[in-house]
Amino acid sequence: MSHEQEIMELKEKITYYEKIIKTISTPIIPSIVPKTILIPIAGYMFRERFENIQTKTLQYIGEHKEIEQAVFDFTGVNVEDVEAFDYNELALAISSLNSSLRLMGIRPIYVGFNPRLIREIVHASIQVDIETYKSFREALKKLLGESDNTINFKK
């Protein structure tokens, strides 16, 4: 096998693995709360990944017209995971996602921001008007209370 052929095969593998990573990096999970989806976000955060999260979420909602709420869970994102993503950019990206969802008639909810991440976003001096809860569990309790559905949560 020639070096050029080997390089071509390696490039094809990289493209293939990039597609896999892009696909699995934004799981969208139907919630136990009717008309609600969960988008767990974990690991490194950078502009292209956040754009992928936004695109995939908006496409999913476009295909599933019954969705009324989208809960984004940032519990798996550490401050170190965001260091490559400027906090101003992150705040703007969250604001943009929030606006897009609201224009579609969707209630965006954000959970799991760690205190240092919140501090950095606040220091970025960008107004971000979003609905937040400490945990996914608290957001679900709120949504269940509003919808008159009950589920027993064990501690």
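Author: What follows covers a lysine, then a strand and its partners.
Author: This is a predicted model, where local features need pLDDT of at least 70, side-chain atom pairs count only at pLDDT 80 or more, and totals for chains, interfaces and linings use all residues. Residues are numbered from 1 along each chain as its sequence is written, and side-chain values use heavy atoms, with hydrogens and water left out.

Reader: Where is Lys-65 found?
Author: In the loop between helix H2 (47–63) and strand S3 (69–76). Helices (H or I, at least four residues) and strands (E, at least two) are DSSP runs, numbered from the N terminus.

Reader: Buried or exposed?
Author: Lys-65 counts as exposed because its relative accessibility is 72%. Exposed means over 50% relative accessible area, buried under 20%, and partly exposed in between (1.4 Å probe, protein chains only).

Reader: What does the side chain of Lys-65 reach?
Author: The backbone oxygen of Gly-62, at 3.0 Å.

Reader: And how many S3 residues are buried?
Author: Six of eight, so S3 is mostly covered under that cut-off.

Reader: Which strands pair with S3?
Author: Strand S2 (residues 36–42) pairs with S3 in the parallel sense over six bridges, and Ala-42 stands opposite Gly-76. Strand S4 (residues 107–111) also runs parallel to S3, joined by five bridges, with Val-71 opposite Ile-109. Two strands pair if DSSP finds at least two bridges between them.

Notes. A polar contact is a pair of N or O atoms within 3.5 Å; within protein, one must be able to donate a hydrogen and the other to accept it, and residues adjacent in sequence count only if both atoms are side-chain atoms.
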